[in-house]
Structures are given as structure tokens and as C-alpha cells.
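This briefing describes one protein structure, topic by topic, for a reader who is new to the subject. Please keep the sequence and the model in view while reading.

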Amino acid sequence: MTEADETASMRKRIERSHLPRIEFRKSQRRDAVFYLAAFSAAALSWVVRFVPDAFVDLLARRIGDLSYLLSKSWRASVDSNIAHVLDEAPGSARVRRTTRSIFQTNALNVATILRGPHQSPQQLLQGIQVARGDWRIVEEAMAKGAGVIVLTAHLGSFDTMGSAISARGFPIAAITTKTTNRFTFEFISFLRAAHKLKLVEASSAGVREAIEWVRAGNVLCLLSDRDFFLNGEQVDFFGEPTTLPIGAVRIARDTGATIVPMFTIRHGRKHALMIEQPFVVERTTDRADDVRIGMQRVIAALQGAIEIAPEQWVMFQQVWPEAEPTTIG
């Protein structure tokens, strides 16, 4: 290797990081948990940057295996979800194998998030192959000027998809909520902000902010494969009754935004991106029927994507309610 090659290699290795700055401002009212999570995320991200990728991925898989063995309640929830998707008993060998793979995928996703801040937009996009559809679908939807709602699921490295949308130059926000402990939430949120992904918390004020964001002609990403607030629409999902959030459909109906289903699937450290056919939610005098029809398209998109790679559906909360106990006598 020539001296010039060595210099180029070094420059590539020490390229500027996109990690968010950790600032101390009274107006932000940050507490000790935030700062502990942010400093931990930044430190671990730097460690991952300079450790060989193959070793990090191997370690992530082993951490996933350990988490699978130790996390009894999460394992039971994932077993239940996958049993519905595969239409098999929760304790079957296939369900157990798939559940274990989901825990590994989750750990690999964390490794990917930790790497992300040290990748340029170009490097990030190089790791993504559009396997179905085309970026022109998003571009044409944005050209309408009414905003775009990206409908997605906790499939593959879904954070990578959000970063890719930002890397393509589209202003993007995502509604987020605390589904883990506060430290983990702040840890991941800090890393998600590395590629200009605007995070909006799922509160009344946050929803209003998200609607205004869409009305301004921007992209809003909504993970719609679990009804976290238990106030969604009663639907059949994989042939079984549950509820799913109607936020994507309601916002699209009220704003005229185009819904673009988008999903990612891991292929090692590469990612396959599926950009499905867009649709709009008609606004008639029958609001309930408009929502029902829109939800049918949402369910079809979610099911189609999850069926491709159920072993990468990293949903750790139970999607379907437990059956009512049968009373005898």
C-alpha cells in the first residue's frame, strides 16, 4: 500500500462523527438519567467504531442469545406473536428458533445504531439496496406537497430506513414512545438523532406537532404494528382479532398526505429496502368507513412485509390479547 493509499484509508477511518452534541442547558431541563444514557451511548458508539465489524456482530449475536435465555417475559411475548404469524403452537421448535433469531436481530440492530453516527449519508446509503419499488415513489409523493406518511413496522433494522430517508434529503420525523425503561429509551433516542431524524413523543402536544409537520409537506414515520396505547381499531391481523393504531390512516385522511409503506430486512450488515405502492385515504362524509378501508390497506402492507422475514420482526410486546379463560360449570 502506498503512502497516499494509507492516508486515504486513515481519513476514511477517522471521518467526522455525526454523534449529537451533549449540551448542558437550563432550558432543556435534562436530568441525570438523560446524561448518563447520552454519555453511555456516545462512549459505546466510539468503541464500536474502532472494533472490527465481524467481532461486534458476533458479540451482538451472543448477547441476543443470552437475552433470549434470561428474558422470560419478553420471550413469552415474542413466542406468542410468532405463533400467530406462523400459525403454530407457541412451544413448537420452529417458533422457538424464530424467537431466538428475533433476539439476535434486536442485538444486531443495536450494533447498527451504534455504528450509524460515524457513517456519512453516502456510506449509509451504500449499505442499503432497494429490493422492491424505487425512491421515485417517495419523490413523487413528496411532489404533491401534502406530506408523506411512511408506514412501517418493527422489522429488520427499521432505524436504518429512517436514516436512509434523511440521507436522501427528505425532512423526516418519527413519533416515539417509551416501551422500555427510561435509560434505554434515552440511550436509543440519542443515537437516533445522529442523522437528522426528528423525534416527537406520543403525547397530545406531540401528535399536534406531527400533524403540522405533515401539513408542511414533510415525512412522518409511523410504526404501526402494535397498539401501544390500546386505543386502536379492532381488526383481524394474521387472521386473529386484535387492535392496531389508526394514526397513519387518520392523519392521512385529515391532511391529504400520501401513505408510503416502507420496510427493511437485514442481510448481514447490508439492508434490503422495500418501498411499496403508495395510497391515499379518501375523505368522505363517513369517517368510520374511510378509516376501515384505510386500515385494510395498512394491514395488508404490514402482513406482507412481516411474512417475508418473521425471524426479523423485533416486536417484544404482545400484539394479540391473551384468550379469555374458560369458565366451567
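Two residues are said to touch, or to be in contact, when heavy atoms of theirs lie within 4.5 Å. The structure shown is a predicted model.

**Val200 and its surroundings**

- Val200 belongs to strand β4.
- Leaving aside residues up to four places away in sequence, Val200 touches Ala173, Ala174, Ile175, Thr176, Gly206 and Glu209.
- Val200 counts as buried because its relative accessible area is 2%, and the cut-off for buried is under 20%.
- Val200 and Met295 are 95 residues apart in sequence, and their C-alpha atoms are 23 Å apart in space.

**Helix α7 and its two faces**

- Helix α7 covers residues 135-143, and its buried residues are Trp135, Ile137, Val138, Ala141 and Met142.
- An α-helix has 3.6 residues a turn, so residues three or four places apart point the same way.
- Arg136, Glu140 and Ala143 are exposed, and they sit on the face of α7 turned away from its buried side.
- The cover over the buried residues of α7 includes the strands β1 (128-132), β2 (148-152), β5 (219-223), β8 (258-267) and β9 (270-275), together with helix α8 (158-167).
- At the N-terminal end, α7 is capped by Asp134, which has a side-chain oxygen 2.8 Å from the backbone nitrogen of Arg136.
- Just after α7 comes Gly145, with a positive phi of about 85 degrees.

**The nonpolar cores**

- The largest nonpolar core holds 52 residues, of which Ile149, Leu220, Phe237, Ile259, Phe263, Met295 and Trp313 touch the most other members.
- Helix α12 gives the most to this core, namely eight residues.
- Apart from this core lies another one of 22 residues, including Leu124, Ile128, Trp135 and Ile165.
- Ile259 touches Ile149, Leu151, Ala248, Val249, Ala252, Pro278, Phe279 and Val281, when residues up to four places away in sequence are not counted.

**Asp290, a buried residue of helix α12**

- Asp290 is part of helix α12, which runs over residues 287-308.
- With a relative accessible area of 6%, Asp290 is buried.
- The side chains of Asp290 and Arg253 are joined by a polar contact of 2.9 Å.
- Besides Arg253, Asp290 touches Val249, Val281, Glu282, Arg283 and Thr284, not counting residues up to four places away in sequence.

**Aromatic rings**

- The whole structure contains 12 aromatic pairs.
- Tyr68 and Phe103 are both buried.
- Together with Trp74 and Phe316, Tyr68 and Phe103 form one aromatic cluster.
- Over the ring of Tyr68 sits the charged end of Arg75, 5.6 Å from the ring centre.

**Loop residues**

- Most residues other than glycine have a negative phi.
- Lys196 is not a glycine, yet it has a positive phi of about 60 degrees.
- Lys196 lies in the loop between α9 (182-192) and β4 (197-201), and it counts as exposed at 73% relative accessibility.
- Leu230 is not a glycine either, and its phi is positive at about 55 degrees.
- Leu230 lies in the loop between β5 and β6 (233-237), and it counts as exposed at 67% relative accessibility.
- His18 is located in the loop between α1 (3-13) and α2 (32-50).
- His18 touches Pro117, Gln119, Ser120, Pro121, Ala194 and His195, again not counting residues up to four places away in sequence.
- From C-alpha to C-alpha, His18 and Ser92 are 44 Å apart in space, and they are 74 residues apart in sequence.

Technical notes: Residues are numbered from 1 along each chain as its sequence is written. This is a predicted model: local features need pLDDT of at least 70, side-chain atom pairs count only at pLDDT 80 or more; totals for chains, interfaces and linings use all residues. Side-chain values use heavy atoms; hydrogens and water are left out. Buried means under 20% relative accessible area, exposed over 50%, partly exposed in between (1.4 Å probe, protein chains only). Helices (H or I, at least four residues) and strands (E, at least two) are DSSP runs, numbered from the N terminus. A polar contact is a pair of N or O atoms within 3.5 Å; within protein, one must be able to donate a hydrogen and the other to accept it, and residues adjacent in sequence count only if both atoms are side-chain atoms. A nonpolar core is a set of buried Ala, Val, Leu, Ile, Met, Phe, Trp, Tyr and Cys residues joined through side-chain atoms within 4.5 Å. Rings of Phe, Tyr and Trp (its six-membered ring) pair if their centres lie within 6.5 Å; planes under 30 degrees apart count as stacked, over 60 as edge-to-face and the rest as tilted. A charge sits over a ring if NZ of Lys or CZ of Arg is within 6 Å of the ring centre and within 35 degrees of the ring normal.
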